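Here is a short briefing on one protein model.

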Amino acid sequence: LWSNASIRTYVVPFAVIQETVRARTPEKLWTLMYRHLMHRIGEKFARAHGYQALITGDNLGQFASQTIQNLAVIDHQIEIPIIRPLVGFTKQEIIERAKAIGTYETSILPYEDCCTLFAPKSPANNARTHELTHAGGDAAGASGIKPTDDFNGADQEGAGVYQVTQK
């Protein structure tokens, strides 16, 4: 149900992050990396403000980044619950709901957002977690964050992949 409660909107300047991702990550993973980083930022913000979950407008299969496999990759290492109330709706059902709550007219305004400005030509539609993890480590290293393979050593600062095998 929609209520008349006030809603706060927070805007995170994300263009610099996107430019770094574009320069340092394989093109097919751009959108997945953007969305993963948005969730990481959202998680930190939520914890800082006492919020208990993130809510997204994901709709299963509407875009390449919204396949079951890619949603799992995007959510990897996000510890806060992610609620997706539209996940099973059809596009028409979402449009009807938007009209009913008065957000449709705003949603169709022309706007060049991060999805249109920084979209890959051929996005991954069945990525694996390790692809995004390694791409993130490579991007961190290329951005000046020193790599590390030893997270138990004297100097644990840096970025790298830490593999854990469980039985």
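**Briefing: a loop residue and its setting**

Gln52 sits in the loop between α2 (30-49) and β1 (54-55). Helices (H or I, at least four residues) and strands (E, at least two) are DSSP runs, numbered from the N terminus. This is a predicted model: local features need pLDDT of at least 70, side-chain atom pairs count only at pLDDT 80 or more, and totals for chains, interfaces and linings use all residues. Residues are numbered from 1 along each chain as its sequence is written, and side-chain values use heavy atoms, with hydrogens and water left out.

**Gln52**
- Gln52 counts as exposed because its relative accessible area is 69%; buried means under 20%, exposed over 50%, and partly exposed in between (1.4 Å probe, protein chains only).
- Leaving aside residues up to four places away in sequence, Gln52 touches Ile80 and Pro81; contact means heavy atoms within 4.5 Å.
- Gln52 and Pro81 are 29 residues apart in sequence, yet their C-alpha atoms are 7.3 Å apart in space.

**Helix α2**
- α2 has 20 residues and reaches 28 Å from its first C-alpha to its last.
- That span is close to the 28 Å expected at 1.5 Å a residue, where the expected value is 1.5 Å times one less than the number of residues.
- Buried residues in α2 include Trp30, Leu32, Met33, Tyr34, His36, His39, Gly42 and Ala46.
- Gly50 follows α2 and has a positive phi, near 80°.

- Ile68 belongs to helix α3 (residues 68-75).
- Ile68 counts as exposed because its relative accessibility is 63%.
- Gln77 lies in the loop between α3 and β2 (82-83).
- Gln77 is a residue other than glycine with a positive phi, near 70°.
- Gln77 is exposed, at 51% relative accessible area.

**Whole protein**
- The protein has seven helices and two strands, in the order α-α-β-α-β-α-α-α-α along the sequence.
- Of its 167 residues, 26% are buried.
- Among contacts with a separation of 6 or more, 67% link residues 24 or more positions apart.
- The accessible surface comes to about 11800 Å², and 54% of it belongs to carbon and sulfur atoms; areas come from the Shrake-Rupley method with a 1.4 Å probe, and for residues only the protein chains shown count as cover.
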